[in-house]
Amino acid sequence: MSGNANNRSHQNPSNVLDGKKILMVEDDPYLREFYRRLLERDGVEMIIADDGEQGFEMLQSEDPDLILLDILLPGMTGIEFLQKLRNENVQHAPIIVLTDLDQTGVEEKARELGAVDYLPKHETDSMELQRRITKIFSE
């Protein structure tokens, strides 16, 4: 019983993230790299987009299991991304909004447009992010 796959499943047999594909739409290069490394340790395949337009294109070609979406993005904002999904009736994976935007009504608007969770970056540590993602895949 040798090999990386056997060792990984032996270390954490209940890892629901292993083999999942997550699209992250985030313009901050430091955060993209941090979240990529964090989630790849759990066996997640990360697809990275640094703006809303690129994220929308990748969504259609990559078929991710989950989307992590920032709100403050160059070009198409996260809210515009969510609106475009709704307007074009695009079938998509669950979306977690992960943002620093602290503005009244943004969370409500994101949820109204289909986000399943909303996490303020400054209040969310890596363990909480992993817990929220795991919860979505466990439902």
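# Contacts, cores and rings

Analyst: In the protein, 63% of the contacts (heavy atoms within 4.5 Å) between residues at least 6 apart in sequence join residues at least 24 apart. The model is predicted: local features need pLDDT of at least 70, side-chain atom pairs count only at pLDDT 80 or more, and totals for chains, interfaces and linings use all residues. Residues are numbered from 1 along each chain as its sequence is written, and side-chain values use heavy atoms, with hydrogens and water left out.

User: What makes up the secondary structure of the protein?

Analyst: Six helices and five strands, in the order α-β-α-β-α-β-α-β-α-β-α along the sequence.

User: Why does Val106 count as buried?

Analyst: Its relative accessibility is 8%. Buried means under 20% relative accessible area, exposed over 50% and partly exposed in between, with a 1.4 Å probe and protein chains only; at 8%, Val106 therefore counts as buried. Val106 belongs to helix α5. Leaving out residues up to four places away in sequence, Val106 touches Ile71, Ile79, Leu101 and Tyr118. Tyr118 is twelve residues from Val106 along the chain, and their C-alpha atoms are 9.5 Å apart. Over the protein, 44% of the 139 residues are buried.

User: What makes a set of residues a nonpolar core?

Analyst: The members are buried Ala, Val, Leu, Ile, Met, Phe, Trp, Tyr or Cys residues, joined through side-chain atoms within 4.5 Å. The largest such core has 25 residues, and Leu23, Ile67, Leu69, Leu82 and Val97 touch the most other members. Elements that each supply at least two residues of this core include β1 (21-25), β3 (66-69) and β4 (95-99). Helix α4 gives the most, with four residues. Apart from this core lies another, of 18 residues, among them Tyr35, Leu38, Leu119 and Phe137.

User: How many aromatic pairs does the count come to?

Analyst: Three. Rings of Phe, Tyr and Trp (its six-membered ring) pair if their centres lie within 6.5 Å; planes under 30 degrees apart count as stacked, over 60 as edge-to-face and the rest as tilted.

User: Why is the pair of Tyr30 and Phe34 called stacked?

Analyst: The ring centres of Tyr30 and Phe34 are 6.4 Å apart and their planes meet at 20 degrees, so the pair is stacked. The two sit four residues apart in helix α2 (residues 29-40), which means about one helical turn between them. Tyr30, at 61% relative accessibility, counts as exposed, and Phe34, at 35%, as partly exposed. Ring pairs also link Tyr30, Phe34 and Tyr35 into a cluster.

User: What makes the pair of Phe56 and Phe81 edge-to-face?

Analyst: Their planes are 80 degrees apart, with 5.9 Å from centre to centre. This pair links distant parts of the chain, with Phe56 in helix α3 and Phe81 in helix α4, 25 residues apart. Phe56 and Phe81 are both buried.

User: How do you know that Lys84 lies over the face of Phe56?

Analyst: Lys84 is at 4.4 Å from the ring centre of Phe56. A charge sits over a ring if NZ of Lys or CZ of Arg is within 6 Å of the ring centre and within 35 degrees of the ring normal. Lys84 accordingly lies over the face of Phe56.
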